[in-house]
Amino acid sequence: MILAKIAVLIVTGYLLLSSCWLLLLSLASWFYRPKLERNAFPLRLLVIIPAHNEEQQIAATIHSTRKCDYPQELVDIAVIADNCTDGTAKAAANCEAWVHVRSDKRLRGKGAALDWFLRKNREQLEDYGGIVFIDADSCPDRNMLRALSQSLAHPEIDAVQGFNGVANPYDNWRTALNSAAFNVFNHLRMAGNDRLFGNTILKGLGMAFSPQLLIKSGWPANSEVEDVEFTIKLLESAREVRYNSEAIITSEMAVSRRQADGQRRRWEGGRFALAQKMVPKLGRQVFSGELRYLYLLADLLIAPLSLLILLTLITSLAAWLFMPQAMAALLIVMSIIVVYVVSGQMQRKAPLKLWFYLTAFPLFLIWKLAVYCSMLVLPRKKVWSRTLRKSELH
């Protein structure tokens, strides 16, 4: 009984601290405004697309990039065909992209491919005003390049992250709830961190940098979550990453259960591994007075939304059985989570249809619980793997 009460107290304390931090970000996000120069002359941009076996998708991504509302003479597109066994390089060349073929079976992965390209073409990077990264299966919004250019034109910004959304939100309840989650995780938390700390977290695509930054650093991150790892590297060199909610890019979410399971295991497994590795180090830096690391430490310490809700429900049941005094705190936690989720949907102007899909959240919780359980027993892949698109499942 005593051990049960202690466990309820510890978990309730964690949930209360996590939810209070999310409430702080939620409130701050309502006052967020992107930092940019709207009247600046468009910069010359290099759009880099790392690709691994993307023969079927790469042409559509290149075409959608060229359809952006941006002077085409100021945009060059480079495709890194990394360890491909299909016709990715040929398909990209047919679209008149600048193609770089990389074959390195020992050093694999997106991070390694990006670092190889940046170091190989260091001199050419000097010809550009901004370097943009998108994925081979993504679709830039018409305003994305202009918004990123306006951010980089600001004298205080040399790294900027746009909003990553879902390209197929209404294929099923799983993709819809992923879209709702992106509105919170990829917008509200980004906007809140930007407003409070003048800093946020890279998301891997829809991001842009000054050439000088990348010429100096390359891409010094090669984990499964190389974007967060690079954010940490930038923090260590006192560099800021700003958020621009107007730079929108979308990607297709996995439709089938099997593909969605693999995608989630890869994303969250990599994130948990990075948290296990970096939280002690970030914690020491924060407690030594380097508060610029606080937002990233909090982001890694706070569990994904679905896991937070699962923990709250399980702890509420335990509290009802062993420690009813904790029920009030857990009710506050759940209320804050509701405010957090609703704020994200409102800020991204979620359509009514997406609000209706929120009623399927219990299914989402059951699915995520199964994913977390599978992560405990299945080995985590450490190579660059791609998720099959909807068009490839038939």
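**Entry on N121.** I began with N121 and asked: is N121 buried or exposed? This is a predicted model, and in it N121 has a relative accessible area of 3%. Buried means under 20%, so N121 counts as buried. I then looked up where N121 sits, and found it in the loop between α4 and α5 (122-125). Setting aside neighbours within four places in sequence, I found N121 in contact with W98 and H100.

Next I looked for backbone angles worth a note. N83 has a phi near 50 degrees, which is positive in a residue other than glycine. E96 is not a glycine either, and its phi is also positive, at about 65 degrees. I looked up accessibility for both: N83 is buried, with a relative accessible area of 3%, whereas E96 is exposed, with 69%.

**Entry on D86.** I stayed with the loop between β2 and α3 (88-94), where D86 has its place too. D86 comes out as partly exposed, at 30% relative accessibility. Which residues does D86 touch, leaving aside its neighbours within four places in sequence? I found N53, E54 and E55. I also looked up one C-alpha distance: D86 and E54 are 32 residues apart along the chain, and their C-alpha atoms are separated by 7.8 Å.

**Entry on the sheet.** Now for the strands. In what order do the 8 strands of the open sheet lie? I wrote down β3-β2-β1-β4-β7-β6-β8-β5, with mixed pairing. At the edges are β3 (98-102) and β5 (138-140), each pairing on one side only. From one strand to the next, the twist averages 30 degrees. A reminder to myself: strands of a sheet pair through backbone hydrogen bonds, either parallel or antiparallel.

**Entry on β4.** With β1 (residues 45-51), β4 pairs in the parallel sense over 4 bridges. With β7 (residues 207-209), β4 runs antiparallel, and 3 bridges join the two. I also noted some partners. L46 has I131 of β4 as its bridge partner, and V47 stands opposite V132 in β4. V132 in turn has A208 of β7 as a bridge partner.

Are the faces of β4 covered or open? Both are covered: G130 and V132 are buried on one side, and I131 and F133 are buried on the other.

**Entry on helices against the sheet.** Helix α4 (residues 110-120) lies across β1, β2 (75-82), β3 and β4, and runs at about 120 degrees to β3. Helix α7 (residues 173-197) packs on the sheet as well, touching β6 (159-166) and β8 (242-251). The direction of α7 makes about 160 degrees with that of β6.

**Entry on α7 and α15.** From α7 I moved on to helix α15 (residues 361-377). The axes of α7 and α15 come within 10 Å and cross at roughly 95 degrees. Angles from 65 to 115 degrees count as roughly perpendicular, and therefore that is how I describe α7 and α15. Which residues make the contact? On α7 they are W173, R174, L177 and N178, and on α15 they are F361, L363, F364 and W367. Sorted by kind, the residues of this contact divide into 6 nonpolar, 1 polar and 1 charged.

**Entry on cysteines.** Last, I looked for disulfides. How many disulfides did I count? The count comes to 0. A disulfide needs two cysteine sulfur atoms within 2.5 Å. The sulfur of C139 has its closest cysteine sulfur in C68, at 8.2 Å, so that pair is too far apart for a bond. I looked up accessibility here too: C139 is partly exposed at 36% relative accessibility, and C373 is partly exposed with a relative accessible area of 42%.

Note on methods. Residues numbered from 1 in each chain as written. Predicted model: local features only at pLDDT ≥ 70, side-chain atom pairs only at ≥ 80, totals over all residues. Heavy atoms only, no water. Buried < 20%, exposed > 50% of the residue type's maximum accessible area, 1.4 Å probe, protein only. Pairing = 2+ DSSP bridges. Axes fitted to C-alpha atoms, helices over the stretch in contact; angles between N-to-C directions. Contact = heavy atoms within 4.5 Å. Parallel < 35°, antiparallel > 145°, perpendicular 65-115°, else oblique. Nonpolar A, V, L, I, M, F, W, Y, C, P; charged D, E, K, R; others polar.
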